[in-house]
Amino acid sequence: MDAKLELMFPIPAYSVKKESDLDLSEKKDIEDIIEEGIRFDAGHSFSNNSYIFNTKLKKLKEFCEHHIKIYVEEVISPREELDFYITQSWLNITKPGEYHRIHSHSNSIISGAFYIQTDVGQKLSFYDQNMKFKQTIKINPKKATIWNSDAYDFKVTNNQLLLFPAWIDHGVKVNEKQTIDAISLSFNTFVKGTIGDELQYSNLVL
């Protein structure tokens, strides 16, 4: 008799690497954003400009939008015709010894991170929000597996885009191997269109 384990209700993490580096004009945009101002909070620094894609990095925005469409079709697969669009977008600068606290993104459906400059050992960590229920009975595992782990470390490199559900907890641990500033661009999304079901009294026009 064959026995197998099945995944139920998996959480998607969409990863794709941009084929080319940022061009000179895009690198100039990054420099300009940093010159506009950076503020330190909760372990690392953010750009003062939190709507970067409104005026800068047009080609990078188009790259992200293209892959948001793929994510929506493959993961959400909406019945209605909906327009998923980027709302806020900002730079993160993480110096050696710094970190990103564990957090999720409010008022967003899909969140994303594009990695502009990374170092060896750079990771984005995701956390299982059901673990507090799973550990009602605590049994220490002899080895970590996808079934008993409470976190997943996603290795990232330059020009890599990650898309994930905005509600999932994530953060960046201190990278002991890091020697340069890590720079990434994060963004949130929302949707335009009609969602829900009129007969179930959940219809909403956005």
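## Basis

The model is predicted, so local features need pLDDT of at least 70, side-chain atom pairs count only at pLDDT 80 or more, and totals for chains, interfaces and linings use all residues. Residues are numbered from 1 along each chain as its sequence is written, and side-chain values use heavy atoms, with hydrogens and water left out.

## Aromatic pairs

Rings of Phe, Tyr and Trp (its six-membered ring) pair if their centres lie within 6.5 Å; planes under 30 degrees apart are stacked, over 60 edge-to-face, and the rest tilted. The count is five aromatic pairs. In one of them, Y14 and Y71, the ring centres are 6.4 Å apart and the planes stand at 75 degrees, so this pair is edge-to-face. Y14 and Y71 are both buried (under 20% relative accessible area; exposed is over 50% and partly exposed in between, with a 1.4 Å probe and protein chains only).

Y152 and F154 also form an edge-to-face pair, because their centres are 6.0 Å apart and their planes are at 70 degrees. Here Y152 is exposed, at 52% relative accessible area, whereas F154 is buried, at 15%.

## A charge over a ring

K192 lies over the face of Y85, 4.9 Å from the ring centre. The rule asks for NZ of Lys or CZ of Arg within 6 Å of the ring centre and within 35 degrees of the ring normal.
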